[in-house]
Amino acid sequence: MAFLRLLMVAASFCGSVLAITAAEAAAHIIFSYPGTAHPARLTTLAQQCQIGGVIIFGDNVDDNLPAYIAGLQSAYASGGCAVKGPLLILTDQEGGEVKRLPGGPTLSEKQIGQTSNLSAAGNTAGIQAAVALKAYNHNGNLAPVLDVYHEPGDFEDQYERSYSNDSAIVAQCAAAFIEAQQGQGVVATAKHFPGLGAATAAENTDAVPVTITRSLADLRAIDEAPYVAAIQAGVKMIMPSWALYPTLDDEYPSGISNKWVQGELRGRLGFEGVVITDAIEAGGLSGFGTDPERSVLAITAGVDLILAAARNVSQGEGIVGGLVTAVNSGSLSASAFSMSTSRISSLRSAL
């Protein structure tokens, strides 16, 4: 009986050690909100260490935004939070048609890929992006896009979001952009791994499930080639796509696939940085449950940050609760979660 009591005490102790709090889970969540009524709720959550960052959209931008972000950072810094370093403040400042903030990059990715000096043009765009982002107190950019478009007018080409249909050109432009922007202290994100270049104009993973039936040999030789260059350039974050690639995993889209995130990206390509999801509420994940359930799948697959982009603070709070429950119930590995938190902490501490 005494031995049984000892086992129960040990189990209770181990459970308390492995249990996580809302603050620990929240370090993995990038929140969002609607419009320019910058919410006090986020400031409160920051004071409680229950936020990992914010993604800003065009409708959030006004003259008060820089001060609001500074206030969030101050609130978080005053909370004695376990994850040190500033909150991640992110947006999509790709260039061309896709820019959330005033300023550069002036050229679209396609225009950069058509210049006579690819490295110089990529460098200029990276510096322009950093200037625009820092003016609004941002420290990260969900760019550049590394997709190698396949046909004129396809999903990425129609908005000039792809540098080229030549992977070598994409790699050269992207590496220059990454080095220049991160040289200014702003995190770059290479997306959408392993590549959305084969998606047709109507295949938008934000809205619908998309299946890309490229062979693994072609994906590795063409679509993944720019990621090799990006990793060599020191890119700090990578975003997987929500497309399904049956050649490697016929069940889970890339961003919730252990085979793609852990096996291909971290294993074969050797990426050691932070992996961030695309918008977790995306239509491309229909059939994979609620936002908290999708987030558990993503973390299980090896992703670190969840992009809660529905412009609703409660969405992020719900995902935090889902991660706490998953870890504390044992359905999500506490040790893997801790390793993921360490990657996030290393990224933020360097800012």
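Is Cys81 buried or exposed? At 5% relative accessibility, Cys81 counts as buried, because the cut-off for that label is under 20%. The model is a predicted one.

**Disulfide and cysteines**

- One disulfide turns up when the whole structure is searched.
- That disulfide links Cys49 and Cys81, with an S to S distance of 2.0 Å.
- Cys49 sits in the loop between helix 3 and strand 2, while Cys81 sits in the loop between helix 4 and strand 3, so the bond ties together parts that are 32 residues apart in sequence.
- The disulfide is left-handed, because the torsion about the S-S bond of Cys49 and Cys81 is about -85 degrees.
- Cys49 has a relative accessible area of 11%, so Cys49 is buried.
- Cys173 is also a buried residue, and its relative accessible area is 0%.

- Eight strands form an open sheet in the order 6-3-2-1-10-9-8-7, and their pairing is parallel.
- Strand 6 and strand 7 are at the edges, and each has a single partner strand, so one side of each lacks a neighbour in the sheet.
- In general, the strands of a sheet pair through backbone hydrogen bonds, in either a parallel or an antiparallel way.
- Strand 9 (residues 274–279) and strand 10 (residues 305–307) run parallel and are joined by two bridges.
- Opposite Ala279 stands Leu307, a residue of strand 10.

**Helix 4**

- Helix 4 covers residues 65–77, which is 13 residues.
- At 1.5 Å a residue, helix 4 should span 18 Å, and its end C-alpha atoms are 18 Å apart, so the two values agree.
- The buried residues of helix 4 are Leu65, Pro66, Tyr68, Ile69, Leu72, Gln73, Ala75 and Tyr76.

**Cis peptide bonds**

- Most peptide bonds are trans, and most residues other than glycine have a negative phi, so departures from either pattern are listed here and under the next heading.
- Lys191 and His192 are joined by a cis peptide bond, with an omega of about 5 degrees.
- His192 belongs to strand 7, which covers residues 189–193.
- A cis peptide bond also runs from Phe193 to Pro194, where omega is near 0 degrees.
- Pro194 is placed in the loop between strand 7 and helix 8 (216–223).

**Positive phi**

- Cys49 is not a glycine, yet its phi is positive, at about 60 degrees.
- The loop that holds Cys49 runs between helix 3 (40–47) and strand 2 (53–55).
- Glu160, which is not a glycine either, has a positive phi of about 55 degrees.
- Glu160 is found in the loop between strand 6 (140–141) and helix 7 (167–183).
- With a relative accessible area of 31%, Glu160 is partly exposed, whereas Cys49 is buried.

Notes
Residues numbered from 1 in each chain as written. Predicted model: local features only at pLDDT ≥ 70, side-chain atom pairs only at ≥ 80, totals over all residues. Heavy atoms only, no water. Helix = DSSP H or I, 4+ residues; strand = E, 2+ residues; numbered from the N terminus. Buried < 20%, exposed > 50% of the residue type's maximum accessible area, 1.4 Å probe, protein only. Pairing = 2+ DSSP bridges. Expected span 1.5 Å × (residues − 1). Disulfide = S-S within 2.5 Å.
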